[in-house]
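The exercises below are meant to be worked through with the sequence and the structure side by side. Try each task before reading its solution.

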Amino acid sequence: MSADEYEMAASQPYQTIGPAEAKELMARGARVIDVRWPTEWQQGHIPGATLLPLSGIYAFGQALRELPLSPSEEVIFVCAVGQRSAIAAEIASLLGFQQVYNLASGMHGWLLSGYPVEQTSSS
């Protein structure tokens, strides 16, 4: 395998995007999946997002398959800073999702951009 072939094979199966691009995709109907823990979610999340904690590869994959999502839908994964959501994006790609995005800066970048958040009470 040549270096170019190896690089193409090792490339990420998803796109990494910033907050502004995520907002544009959401305006077109992209779904947002937040993979943080419920305590993080309660402190603030993207309006309209679905909470699906990344608690393990197998469990997350099973839970993702159970969501009412089409493999052709645009799906943005978000966490605190973009690391857990990158793992989630890889899992989604392996499950056959074709338009997968990772919010690179996570909720941290979303908040710094001044975009809206919702908070959920713990009661």
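**Exercise 1.** In this predicted model, find the residue that stands opposite glutamate 74, and then work out how the strands are arranged.

*Solution.* Begin at glutamate 74, which stands opposite glutamine 99 in strand 5. Next, look at the pairing of strand 4 with strand 5, which is parallel and runs over four bridges. Widening the view, five strands form an open sheet in the order 1-5-4-2-3, with parallel pairing. Strand 1 (15-17) and strand 3 (50-51) stand at the edges with a single partner strand each, so one side of each is left without a neighbour in the sheet.

**Exercise 2.** Describe helix 5 (residues 83-94) by its span, its buried residues and what covers them.

*Solution.* Helix 5 has twelve residues and reaches 17 Å from its first C-alpha to its last, which is close to the 16 Å expected at 1.5 Å a residue. Taking under 20% relative accessible area as buried, the buried residues of helix 5 are Ser85, Ala86, Ala88, Ala89, Ile91, Ala92 and Ser93. Their cover includes helix 4 (57-66), strand 4 (74-78) and strand 5 (99-103). Just after the helix, glycine 96 takes a positive phi of about 105°.

**Exercise 3.** How many helices and strands does the chain have, and in what pattern do they follow the sequence?

*Solution.* The count comes to six helices and five strands, and reading along the sequence gives the pattern α-β-α-β-α-β-α-β-α-β-α.

Methods
Residues are numbered from 1 along each chain as its sequence is written. This is a predicted model: local features need pLDDT of at least 70, side-chain atom pairs count only at pLDDT 80 or more; totals for chains, interfaces and linings use all residues. Side-chain values use heavy atoms; hydrogens and water are left out. Helices (H or I, at least four residues) and strands (E, at least two) are DSSP runs, numbered from the N terminus. The expected span of a helix is 1.5 Å times one less than its number of residues. Buried means under 20% relative accessible area, exposed over 50%, partly exposed in between (1.4 Å probe, protein chains only). Contact means heavy atoms within 4.5 Å. Two strands pair if DSSP finds at least two bridges between them.
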